[in-house]
Amino acid sequence: MLSHADDRTNLEPIDEATERISENMHIVANEPSLAFYRLQEHVRKALNPMVDRRTDVNKLQTELQGRCYDMDYASSALKSMQKADEIFDNIRENLKNAIFLKQQLKYEESRRRKADSSSVYKRLSAHITLDLPELPELSDVVRETANRVESMMSKATHASNS
């Protein structure tokens, strides 16, 4: 027969096993609600920052898309400007020709004015010939005065036309 002490040692493993089974049953019965509680807690903590980040990402995506459109527009504008290079070269050549022709016209006008204005005074000074043997400086003075009058008249004519 078994003594009372031996009964106790044999019962303890049974009680221990029963207690573990009871505890496991309690854990298994309550585990789904605990798992859902943990999930709810995690979602509640992580949802707001995640929504904020998603909003920031959407804003950045919108800005990036706008900048991409800007880059595409700038790129097409540069390509259009490169195509216009030939047109600008033609304009440059036409401007050079126009400036050259304007300079030629100005030169021809100044030659005509000089020829027109100087011819009258030169003819006048050519007709005024004083050969005074006793006053040789006087004829030189008259020519010099006629030349001065001629230059003053050409300057005045040129200034009034400009």
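The model is predicted: local features need pLDDT of at least 70, side-chain atom pairs count only at pLDDT 80 or more, and totals for chains, interfaces and linings use all residues. Residues are numbered from 1 along each chain as its sequence is written, and side-chain values use heavy atoms, without hydrogens and water.

The protein exposes about 15,100 Å², of which carbon and sulfur atoms supply 59%. Accessible areas come from the Shrake-Rupley method with a 1.4 Å probe, and for residues only the protein chains shown count as cover.

The protein has three helices and zero strands, in the order α-α-α along the sequence. Helices (H or I, at least four residues) and strands (E, at least two) are DSSP runs, numbered from the N terminus.

Patches consist of residues with over 30% relative accessible area and no salt bridge; like charges are joined within 9 Å, and nonpolar side chains (Val, Leu, Ile, Met, Phe, Trp, Tyr) within 5 Å. A salt bridge is a side-chain nitrogen of Lys or Arg within 4 Å of a carboxyl oxygen of Asp or Glu.

Glu12, Asp15, Glu19 and Glu23 form a patch of negative charge on the surface. Asp and Glu count as negative, Lys and Arg as positive, and His and the chain ends are not counted; the charge is placed at CG of Asp, CD of Glu, NZ of Lys or CZ of Arg. Glu23 lies in helix H1 (residues 4-83) and is partly exposed at 47% relative accessibility.

The nonpolar patch comprises Ile87, Phe88, Ile91 and Leu95, with about 400 Å² of accessible area together. Phe88 belongs to helix H2 (residues 85-127) and is partly exposed, with a relative accessible area of 46%.

Methods. Buried < 20%, exposed > 50% of the residue type's maximum accessible area, 1.4 Å probe, protein only.
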